[in-house]
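Q: Could you take a close look at one part of this model for me? I'd like to know how it sits among its neighbours.

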Amino acid sequence: MRLSIRSRGRRGAVLWALALLCLSPGAPASAGAFQQCGKASWYKLGGVTASGERADPSGLTAAHRTLPFGTLVRVTNLANGKAVTVRINDRGPFAKSRVIDVTRAAAKELGFIRRGVTRVQVSGTTLPSKKHHGQNCQ
């Protein structure tokens, strides 16, 4: 079977792209599941987040003390069962009794805008070497 230069180039590009996908840090093989329970609040964003991106109160993002930026976590309001997936792009919360701060948009999805604070379960996947403070869920 004889391949033209053009088809060899495409095949090489496809193989290169597959290799990059396998080696990308998006889903490391050593990732582990984590779960935290505690209080969440929502906060008004302004300016730039700790990750360097422009703050967007209408986005589904959150602040966590230790999770790497870009980590996707599922936040479930334990009072009503509503859940939303948010991306970590900021540091906080700075109130010691809280485990996560979410944007206004995420708080609206979770149904706790008026209360301001609610008990949540935060779950996701991250590197197991990171320490996550907070109470484990039962």
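A: Proline 93 sits in the loop between strand E4 (83-90) and E5. A quick note on the basis: this is a predicted model, where local features need pLDDT of at least 70, side-chain atom pairs count only at pLDDT 80 or more, and totals for chains, interfaces and linings use all residues. Residues are numbered from 1 along each chain as its sequence is written, and side-chain values use heavy atoms, with hydrogens and water left out.

For context, most peptide bonds are trans.

Now E5 itself, which covers residues 98-102. Strands here are DSSP runs of E with at least two residues, helices are runs of H or I with at least four, and both are numbered from the N terminus. Two strands pair if DSSP finds at least two bridges between them. On the parallel side, E5 is joined to strand E1 (residues 32-42) by 4 bridges, and alanine 40 stands opposite isoleucine 100. Strand E2 (residues 61-63) pairs with E5 in the antiparallel sense over 2 bridges, with alanine 62 opposite valine 102.

Because 4 of its 5 residues are buried, E5 is largely enclosed by the rest of the structure. Buried means under 20% relative accessible area, with exposed over 50% and partly exposed in between (1.4 Å probe, protein chains only). Across the protein, buried residues make up 33% of the 138 residues. The elements run α-β-β-β-β-β-α-β from the N terminus on, giving 2 helices and 6 strands.
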